[in-house]
Amino acid sequence: MKLQISFNHVLLSFLLLAISCGGPREKKNSDAEGQSDKELTFESRKIVNSAKLWWAHTPKDVTGDGIADLLFIHNNGSGGYLGYFTGKKEPGLWEKTVIAEQPISGGYFASGDLESNDIDGDGDYDVIAVKHPGEWTDAGATAELFWYENTGEEWKAHTIGTVPDAVKDVSFADFDNDGNLDLAVLTFDEHTLSIFRQENENTWYKVQFIQNEVLHEGMDVGDLNSDGFPDIVANGLIYYNPGEDITETWLEENLDEQWNNQEGDWSRNGTKTFVRDTDRDGVAEIYMAHSERAGYPLVSYKKSGQNWQRTVIKDSIVACHTLQVYDFDLDGDFDVLAGVNGGRAVNLDKNSFPVSVFLNTGSPDQYEEMIITSEGIYNGQAIDYDGDGDMDLFRYPDHESADLFLLENKIK
């Protein structure tokens with residue numbers, strides 16, 4: 001088979017250090033900058049061996065050296081510290097830096113999500129932080145929100161506000177188009193969506209507080225109606241941005257009830273969501289999968305008139321706790337990366353935990369699956385970590401793993 005030939009070739013070339021797969025396929029003609037005629041392969045190396053419940057981690061170049069670093073909250077189950085590992089191109093483990101041992105008001109950090117962005121607009125990456133005792137300790141405890149300013153020498157804490165309980169998702173966006181990043185926060189125990197407007201670095205106002213029993217996990221932002229203002233998708237519910245005055249009502253639309261009509265234990269309505277304008281028409285598409293249960297598909301939604309057109313990319317993925325949409329093979333269109341959280345899947349009687357790139361073939365809504373590894377992934381994050389023009393991947397095998405890996409894209 002072509003797949004086996006490609007895999008063996010890469011193994012020999014990289015002396016058994018590479019993870020690769022996804023046999024040769026014909027490349028399409030494309031005008032995309034950086035297009036490559038090489039096959040898509042990934043080389044894996046361990047960069048961290050001391051992780052503990054890293055449910056919240058994200059890559060960003062906080063040191064400003066052109067290489068992505070890895071930010072994290074340690075021990076999210078019962079609270080821990082905020083830090084990062086400094087990225088490097090050479091083999092070997094990365095070096096840890098602690099941003100803050102504890103919040104400025106004491107206690108611990110804990111969150112189900114982490115995001116780094118240029119919050120104050122000064123050209124470097126800052127990071128959000130959540131004070132909470134941890135979901136396994138007291139999910140219903142109030143969470144305090146901070147952001148830590150990257151000054152280049154130290155990290156300075158700023159207060160944002162509070163939400164009622166354990167945080168599952170955070171997303172920054174300039175919701176009112178005033179030039180300042182605002183913040184959306186989704187919580188688990190009280191099923192809430194809060195929107196904070198940034199007046200300045202030290203002044204944030206909670207302008208929306210939405211409670212809906214179906215809200216749980218899975219949020220992203222993007223312009224879903226081409227009005228120039230970012231909207232929010234949470235658990236398959238779309239909240240449409242009212243415009244410059246974001247204190248006005250955000251109209252709600254149920255994209256697809258299968259993502260928010262579940263009953264039972266804590267695993268109900270657990271989703272992964274990714275929003276991206278993949279066809280570059282000014283209206284973003286929505287990609288979704290179930291993060292906790294079996295029997296749910298990987299799908300995309302595209303606006304067609306007043307309705308949403310649904311495309312099934314794969315019929316079923318168990319405990320799909322990674323979902324990213326990028327042009328991984330540099331052929332000019334967007335591919336979908338999705339993977340199974342092995343730590344959750346074993347409880348669903350599964351013993352294979354594939355991490356796959358679904359390659360866009362160029363035909364309408366047609367994808368070709370390429371399995372990168374069968375060893376699982378949790379909250380995987382794609383980024384061009386070394387600035388060479390292709391998308392790499394940070395892989396945390398499951399939610400209780402001590403090891404974390406960088407999968408370097410070798411297409412360029």
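Reader: In which strand does Ser-300 lie?

Author: In this predicted model, Ser-300 lies in strand S21, which covers residues 298–304.

Reader: Why is Ser-300 called buried?

Author: The relative accessible area of Ser-300 is 7%. Buried means a value under 20%, so Ser-300 is classed as buried.

Reader: Which residues does Ser-300 touch, not counting residues up to four places away in sequence?

Author: Ser-300 touches Ile-286, Tyr-287, Gln-309, Arg-310, Thr-311 and Ile-313. Contact here requires heavy atoms within 4.5 Å.

Reader: What makes Thr-361 partly exposed, and where is its place in the chain?

Author: Thr-361 has a relative accessible area of 23%. Since buried means under 20% and exposed over 50%, with partly exposed in between, Thr-361 is therefore partly exposed. Its place is in the loop between strand S25 (355–360) and strand S26 (367–373).

Reader: What separation is found between the C-alpha atoms of Thr-361 and Tyr-239?

Author: These C-alpha atoms are separated by 32 Å, and the two residues are 122 residues apart along the chain.

Reader: How do you know that S7 and strand S8 pair?

Author: Two bridges join S7 to strand S8 (residues 126–131).

Reader: What is the order of the open sheet of four strands, and why are S7 and S10 called edge strands?

Author: The order is S7-S8-S9-S10, with antiparallel pairing. Strand S7 (116–117) and strand S10 (155–163) each pair on one side only, and they are the edge strands.

Key:
Residues are numbered from 1 along each chain as its sequence is written. This is a predicted model: local features need pLDDT of at least 70, side-chain atom pairs count only at pLDDT 80 or more; totals for chains, interfaces and linings use all residues. Side-chain values use heavy atoms; hydrogens and water are left out. Buried means under 20% relative accessible area, exposed over 50%, partly exposed in between (1.4 Å probe, protein chains only). Two strands pair if DSSP finds at least two bridges between them.
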